[in-house]
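Open the model in your viewer and keep the selection panel handy.

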Amino acid sequence: MLLIDDLNVYFGSAHVLKDVSLTAMPGAVTCIVGPNGSGKTTTLRAATGDIAYEGSITLNGHSLKRLENWEAARLRAVLPQASTLAFPFTVIEVVRIGLQTGEAGDQDNIAIEALAKVDLATYANRSYHELSGGEQQRVQLARVLAQIPDAKPDDDPRWLFLDEPVASLDIAHQLEVMTIARNFADAGGGVVAVMHDLNLTAMFADQIVLMSEGKVLADGRPDAVMTDDTLSRAYRCDLRVSCPPSDNQPFLLPHAARAAAE
Amino acid sequence: MVAIPDTGRAVPLDRLAFARRMHVVLFLFLVFVSLLSLTVGATGITPWDMAFALLRGEAPEAMASVVLFDIRLPRLIMGIVVGAALAVSGAVMQGLFRNPLADPGIIGVSAGAGLGAVAAIVLGAMLPFGLFDIFGAYLVPIAAFFGGWVSTILLYRVATRGGVTSVATMLLAGIALAALAGAVSGLLIYAADDRQLRDLTFWGLGSIAGASWAKVMVAGPLIAIAVLLAFALARGLNGLALGEAAAAHIGIPVQKMKNRAILTVAAATGAAVAVSGGIGFIGIVVPHLLRIATGPDHRALLINSALLGASLLLLADVISRVIIAPAEMPIGIVTAVLGAPVFLWILLRNRGAMGF
Amino acid sequence: MNFQPKPDGFAAMMSVFIAMIGAAFAWSVSIQNHATASSPDADVLSIGGSVTEIIYALDQQHRLVGRDTTSTWPPEAQELPDVGYMRALSPEGVLSVDPKLIISEDGAGPPEAMDVLKAASVEMVTVPDSYDAEGILEKIRIVGDALDVEDRAAALIAEVDAALQAAQSVAMQNGGTNKRVMFVLSTEGGRIMASGTGTAADGVIAMAGGQNAITEFEGYKQVSDEAVAAAAPDVILMMDRGGNHGAATEDLLAMPAISVTPAAEAKAVVRMNGLLLLGFGPRTAEAVRKLSAALRES
């Protein structure tokens, strides 16, 4: 269980997160959504140990502040929003970097399987720098999956922290990635994802945390959080849920794509 | 690359295995160059002459003993140790700063060591006579080593706040420090007389000709330990290629790693520069060549760098000893003449593949 | 583009390395048979231009196996193997010319090389510098001693002594010229490196009846433009580097620091061969004569 209690974060004198509290359960996909600048990524960064914070964050009962890097790496893997790679590694080598710590040891099968999960198995020997942004993002996800291949190898659930994992992907791969997250949660692991895309969030999330201006505005099941009123307040924009367009403009929902595959 | 039809997977090419096989190849190369180094010299004496003499039951010539044991052998060891130190330090610094153009001096070691040497050469005569006697010929190396440490520690302090070292700050502060060291050196050079200036010039050009057993006994173990410690940084440096935040996420103790990297490089490079002056290019060219040939995985790269750096330095030393015999060309000239074109060739050939 | 590990590239590199090793090896084999001694008695290495001159003056050149870079006189000396700059000797290089005795001016180095040579049982005789007439005679005596030719040395000493005294008395006629002389070692990069006291230049200027214009420091150091102007030399003395003097002199006198000196006004620039002028060897009497004549004329 990820328990965030009274989290306050300051960047210089700016009070960026104000008394944020949330709970994410294992076996569920928890999505943090909100407009730009609402503090979603900052909350995630606090939970992954990147920034200093006041308040309490515990993961599987361990206080984050007392976990060493390697101890945390065994419990959770983090997919950042954007990645740089300093040297000309190949795709398989990047995935193997994820293998180096975490519990998997140096087993190449795990690396190959992780690549297969993100539909990049045939890319193993290509140079990372030659790939498109979306492909690179999927390689990073493979790296993350190589670090934590099993959602629940023992009594402790493992966690995936994903920062806008589908931002640069096409719709097919967006569904693929979200399905990976869903499967991970179904296997007993915990998933916390910062999302921009409300449709995908509605499809895959078990719990939605809606943030605005550094505070949690709403927290609960999708149908409870995604109401016209709540969303409009958060995004400061007149929004209507579950409402098809009034004219004959074409529209495409990811929900539909999934239905076709099934 | 092969796609196995039933699983649709490819067999990943293992650059790491290839790189590990290179350990053997490079080791053999080093052995070969070491033998060459022992065999070649202005006097024409070879170890085989001595071996045959011993086999025939004769006592070897005195001069042969001196040449082989007091000149060539310490020089061989020094060459291996200095070459390995420079190449590994270069690779570690490139990994730490995530930039293939970093060289070992980037943490201030070279600037400080240079300043120490200049100070010792120009001001050494002003030391109280007793002190000068104690240090004697070792005044310059000791001052250079000391200078290298002082400047590294200074840079580290400037760049580290709240227990976190910012490599970007270190880089910029290093530029400032190098400028300052250059200014102070300039002052000392201005005050130097003709003889001191020549000594400075020769120091700057680098040489392992002054390799004595005393120097080898002190610098050798120090560099060997530092280089071995550096090898343990390999996984950390791989992770660091993803960025510091990602490296921390996969469990690497980033700050500890930085500390250890800076420490080992300061020790290895400081000692190397102290005993051999300013030898350039090995630190940049060797890791580069290896990355292109065998991939950037540091687990193999660091070891291969040590082996190849040692070999190339020895090779440069052989050339410096024979090319204008009986005089000797400073080794820094040879490494520059060989290194610069190779460096250019690398850059031109691989512009796309290197990610910049 | 699929990645291929470039084994062909690496193989190419390795073959280049191996070719380089082969070349180095071949080179080394080819230089092994250099330096055959000029005669069976040859076992002396001479370091320092003046030492070499003295050895030739004592007619002992048949004993030489090699010399250093500064030994340029007589011209025959340049045919001997050159072991390099005296403060950066290579121990194996020195040993390769097979000396049993090294006669050297002060300051041979580095110390590690000297230690190795001692360990190889090479005898070393150091000939100290002293920039005056007695110093030259002492050098001759020491060299003669080392080479076991004391009689010839004594004769040479007498000859050189007489020449020096004659030259100096001519120079000191009427109490010397009282001309202020500045010796310029180099003007590389616009920086003027001049001689203060305690140098060979200082010594020879004094012997030739002139006055060193710069006395504030010892040794050869860089002087500031204002120091040069304050020194107000009447004559500028330089080493002869060969080549076109006219242009070089013009450039020299055009330098801001020098253009305001009396020397520039009188266009008084004297050039002499470096070893002749500063060597403090057997030819110094000639140097003194030439210099004092030049000072009087300019």
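Helices here are DSSP runs of H or I with at least four residues, strands are DSSP runs of E with at least two, and both are numbered from the N terminus. This is a predicted model, in which local features need pLDDT of at least 70, side-chain atom pairs count only at pLDDT 80 or more, and totals for chains, interfaces and linings use all residues. Residues are numbered from 1 along each chain as its sequence is written, chains are lettered from A and ligands numbered from 1 in the order in which they are written, and side-chain values use heavy atoms, with hydrogens and water left out.

**Stop 1: chain A**

Of the 262 residues, 54% are buried; buried means under 20% relative accessible area, exposed over 50%, and partly exposed in between (1.4 Å probe, protein chains only).

**Stop 2: chain B**

Now switch to chain B, with its 15 helices and four strands. The radius of gyration of chain B is 22 Å against 21 Å from the globule rule for 356 residues, so this chain too is as compact as a globular protein of its length. Its C-alpha atoms take up a box of roughly 70 × 55 × 35 Å along the principal axes. Buried residues account for 58% of chain B.

**Stop 3: a pocket with residues from chains A and B**

Select A:Thr48, A:Gly49, A:Asp50, A:Asn69 and B:Ala248, which lie nearest the centre of the second largest pocket among its 24 lining residues. A pocket is an open set of points on a 1 Å grid over the protein atoms alone, where a 1.4 Å probe fits and protein lies on both sides within 12 Å along at least five of seven lines; lining residues have an atom within 4 Å of a point. Two or more lining residues each come from helix 2 (69-75) of chain A and from helix 11 (244-249) and helix 12 (254-276) of chain B. Which element gives the largest share of the lining? Helix 11 of chain B does, with four residues.

**Stop 4: helix 2 of chain C**

Go to residues 49-57 of chain C. Eight of the nine residues of this helix 2 are buried, so the helix is largely enclosed by the rest of the structure. Among the buried ones are C:Gly49, C:Glu53 and C:Tyr56. To see what covers them, show elements of chain C including strand 1 (44-47), strand 3 (101-105) and helix 5 (133-146). After the helix comes C:Asp59, with a positive phi near 60°.

**Stop 5: C:Asp82**

Finally, pick C:Asp82 in the loop between strand 2 (64-67) and helix 3 (91-96) of chain C. Beyond its neighbours within four places in sequence, C:Asp82 is in contact (heavy atoms within 4.5 Å) with B:Pro326, B:Ala327, C:Arg67, C:Asp68 and C:Thr69.

Methods
Rg over C-alpha atoms; globule rule 2.2 N^0.38 Å.
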